[in-house]
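Notebook open, structure loading. I want to look up a few spots and jot down what I find.

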Amino acid sequence: MILFFRTILVLSYFFVVALLGILVCLFRPFNPDNTRICGRMFSLGGLKILGIKLTIEGKENLINMQPSIVIANHQDNLDLFIHGGVIPKRTVSIGKKSLRYLPLFGQVYWLSGNIMIDRKKSKASINSMTETTEALKHQSTSIWVFAEGTRNKGENLLPFKKGAFHMAKQADAPILPICASAYPKHINLNKWHAGEVKVRILPPISTKDIAKEDLNILCQSVHDQMFQTIEELNSSIVSYK
């Protein structure tokens, strides 16, 4: 019963925040900090409705943060509320062009300055690489990437696609890993206190001295570090299932 009412409330909250987000973005369209502002709005009330306690570790790694490739683990649709609370300043993401047509959310996503591509067209992918490099180097903007490419549903961290690492190297930008505990395994939305999610922001990893032929090694190293961190976070959480 609690889950039913939560679902209704969180969907209502989602559409209200999306509408407010559109209004905010219309006053400052395509500003790269719109994503952070809208993410905070989604997270602030959404987590309270869901009964989830969010604990964030490593906030000091966002102080004086350089334009970076931010890599986070992708688990569920609730990532919007979980990761929305930790999006760094001036950070946008890369999303499918078709997202633009989702009612309200698509318009917020577009107006927030996120980079939208048609993944079916190779020319569009090349253009997006150029656009991300320009954003990182000359617009003081970071790029948020779910390097797994799909949701892992709280299971083990999936293998990383290497596009994010090529983008980082092309711009000589650091990689900033952000890890969230495997909350689909631990929370229970049918309980008043659904559970806790821990997020840890790891120190940035420089790519300046990494040769292009060593990007595979870097990719695996970041994956291993995030995998270990997620396991540590999981072991410190009491399951509410």
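Predicted model: local features only at pLDDT ≥ 70, side-chain atom pairs only at ≥ 80, totals over all residues.

Is Ile8 buried, partly exposed or exposed? I looked up its relative accessibility, which is 44%, so Ile8 counts as partly exposed.

**Entry 1: the greasy patch**

I found Ile8 in helix 1, which covers residues 2-27. Ile8 also belongs to a nonpolar surface patch, together with Met1, Phe4 and Phe5. I wrote down about 470 Å² for that patch.

Next I went looking for empty space. Rolling a probe the size of a water molecule over the atoms shows where such space is left. I picked the second largest pocket, and its volume came out at about 210 Å³. I counted 14 lining residues, and the closest to the pocket centre are Phe30, Gly113, Ile115, Glu131 and Gln139.

Which element gives the largest share of this lining? It is helix 5, with three residues. Helix 5 (122-138) and strand 4 (115-117) each supply at least two residues of the lining. I also sorted the lining of the second largest pocket by class: seven residues are nonpolar, four are polar and three are charged.

**Entry 2: salt bridges**

Side chains of opposite charge can pair when their charged atoms come close. How many salt bridges did I get here? The count is four.

I started with Asp33 and Arg36, whose side chains meet in a salt bridge at 2.7 Å, N to O. Asp33 has a relative accessible area of 12%, and buried means under 20%, so Asp33 is buried.

Then I followed Arg200. The side chains of Arg200 and Glu57 meet in a salt bridge at 2.8 Å, N to O. This pair links distant parts of the chain, since Arg200 sits in strand 7 (residues 195-201) and Glu57 in strand 1 (residues 52-57), 143 residues apart.

How values were computed. Residues numbered from 1 in each chain as written. Heavy atoms only, no water. Patch = residues over 30% accessible without salt bridge, like charges linked within 9 Å, V, L, I, M, F, W, Y side chains within 5 Å. Areas by Shrake-Rupley, 256 points an atom, 1.4 Å probe, with all protein chains shown as cover. Helix = DSSP H or I, 4+ residues; strand = E, 2+ residues; numbered from the N terminus. Buried < 20%, exposed > 50% of the residue type's maximum accessible area, 1.4 Å probe, protein only. 1 Å grid on protein atoms, 1.4 Å probe; cavity = no way out; pocket = protein on both sides within 12 Å on 5 of 7 lines; lining within 4 Å. Points joined across faces, edges and corners; volume = space filled by probe spheres on them. Nonpolar A, V, L, I, M, F, W, Y, C, P; charged D, E, K, R; others polar.
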